[in-house]
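Please keep the sequence and the 3D view at hand while reading.

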Amino acid sequence: MKRLFQFKKFFRFKRPIQSEKVMQSKKPIRSKKVFQFKTIRGKMIFGFSFVIAIFLLSSIYNISGTKTVNEQVKNITETELPVLIAEEQLMANMATRMGLLRGYLLSGDADFKKQFDEYTEKSEEYYQFVLEQGANQKLEVLIAREKDWVKYVRGQVFEVYDRGEKEQAISNQNHISSTTTSVMAGYEELASERETLITETGKDIIDSGSKAVNISLFISVIGAILCVGIAFLTASVITKPIIRIMNRMKQMAEGDLSSEPLSSTTKDEVGQLVLATNEMNHNIRQLLEEINGVSESLTGQSEELTQSANEVSA
C-alpha cells in the first residue's frame with residue numbers, strides 16, 4: 001500500500017483528464033499566425049526568398065536608374081551636342097562667307113568666290129544633318145532664309161559684279177546685309193537655347209544620380225533591418241514551440257501531468273510535435289488514472305480482507 005501511495009504522490013494530475021478532441025479543439029491562447037506552412041523548410045525558404053526579393057528590387061531600381069541616365073547621356077552625345085555644334089558651325093560658316101563676299105567685292109579675287117562656294121557646300125551638309133535629327137520650325141525657317149540669301153548673293157551680287165557693275169553689286173550686298181545679320185543672330189539664339197538645354201539635362205543627370213545613390217542606400221539599410229527582423233522572427237517561430245515542448249517534457253519527467261495542453265496554429269513538423277506531446281501527456285494521464293482506479297479498488301479489497309481477518313480472529 002505504501003508503494004502505491006508513493007506512486008500517486010509522484011504523478012500529479014489535479015484536473016480531470018480531457019479527451020483528445022477537447023485538447024485539439026481548445027482555442028490557442030498565445031500563437032500568432034505569421035507563417036502558415038506545412039514544413040519548417042517552407043518557412044525558411046519563404047524568409048530567404050523575401051530577403052532575396054528585397055535585394056532584387058533594389059537591383060532592378062538601380063538598373064532602371066542607370067538605364068535612364070545612359071539614355072539621357074546618349075541623347076546628349078549623339079543628338080543634342082552634335083546639333084549644337086552644327087548650329088554653331090552654320091553661324092560661323094555664314095560669318096565666314098560674309099567676309100569672303102566682301103573680300104571678293106573689294107579685290108575681285110576669284111579665290112574668295114571659290115571659297116564661298118566651298119563653305120556653302122559645307123553648310124548644305126549641316127542643313128541635312130540637323131534636318132535628319134528633327135529640327136524645329138524656327139531652325140527650318142532660318143535654313144530657308146539662308147538658302148534665299150545664297151541664291152540672292154549668287155544672282156544679284158556675284159553675277160552683277162562679274163558683269164562689271166561693281167557699285168551695283170556692292171549696293172545689293174549692303175541691301176542683303178540685314179538678312180545676314182538676322183540669320184546669324186537666329187543661329188546664335190538657337191545654339192544658346194540648346195546649350196542651356198544640355199546644361200539643364202546634365203544637372204538633371206547629376207541630381208538623378210545623387211537621388212539614386214540616396215534611395216539605394218535607404219533600400220539597403222531598410223533591407224538589412226528587414227533581413228535581421230525576418231531572421232529573428234523565423235528563428236522565434238521555429239524555436240519558441242520547441243522550447244515549450246522541451247519544458248513540457250521536463251514537467252512530465254518530474255511527474256507533473258496537470259498542465260493545460262500545448263496550443264499550436266502551425267501544421268509543420270513543430271505543430272505535429274506539439275500534438276504528439278499533448279497526445280502522449282493525455283495517454284499517460286489516462287493510463288495513470290486507470291492505475292489509480294485499480295489501486296483504489298485493491299486498497300478497498302485489502303481493507304475488507306483485513307476487517308474480515310480481524311473479525312475471524314476475534
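A residue is called buried when its relative accessible area is under 20%, exposed when over 50%, and partly exposed in between (1.4 Å probe, protein chains only). This is a predicted model, in which local features need pLDDT of at least 70 and side-chain atom pairs count only at pLDDT 80 or more, while totals for chains, interfaces and linings use all residues. Residues are numbered from 1 along each chain as its sequence is written, and side-chain values use heavy atoms, with hydrogens and water left out.

**Salt bridges**

- The structure holds seven salt bridges, each being a side-chain nitrogen of Lys or Arg within 4 Å of a carboxyl oxygen of Asp or Glu.
- One of them joins K138 and E189, whose closest N and O atoms are 2.9 Å apart.
- This pair links distant parts of the chain, with K138 in helix 5 and E189 in helix 6, 51 residues apart; helices are DSSP runs (H or I, at least four residues) numbered from the N terminus.
- E189 is partly exposed because its relative accessibility is 39%, and K138 is partly exposed at 35%.
- R97 and E146 also form a salt bridge (2.1 Å, N to O).
- R97 is buried because its relative accessibility is 0%, and E146 is likewise buried at 0%.

- Q173 lies in helix 6 (residues 166–253) and is buried, at 4% relative accessibility.
- Leaving aside neighbours within four places in sequence, Q173 is in contact (heavy atoms within 4.5 Å) with M98, L101, R102, L105 and V157.

How values were computed:
Helix = DSSP H or I, 4+ residues; strand = E, 2+ residues; numbered from the N terminus.
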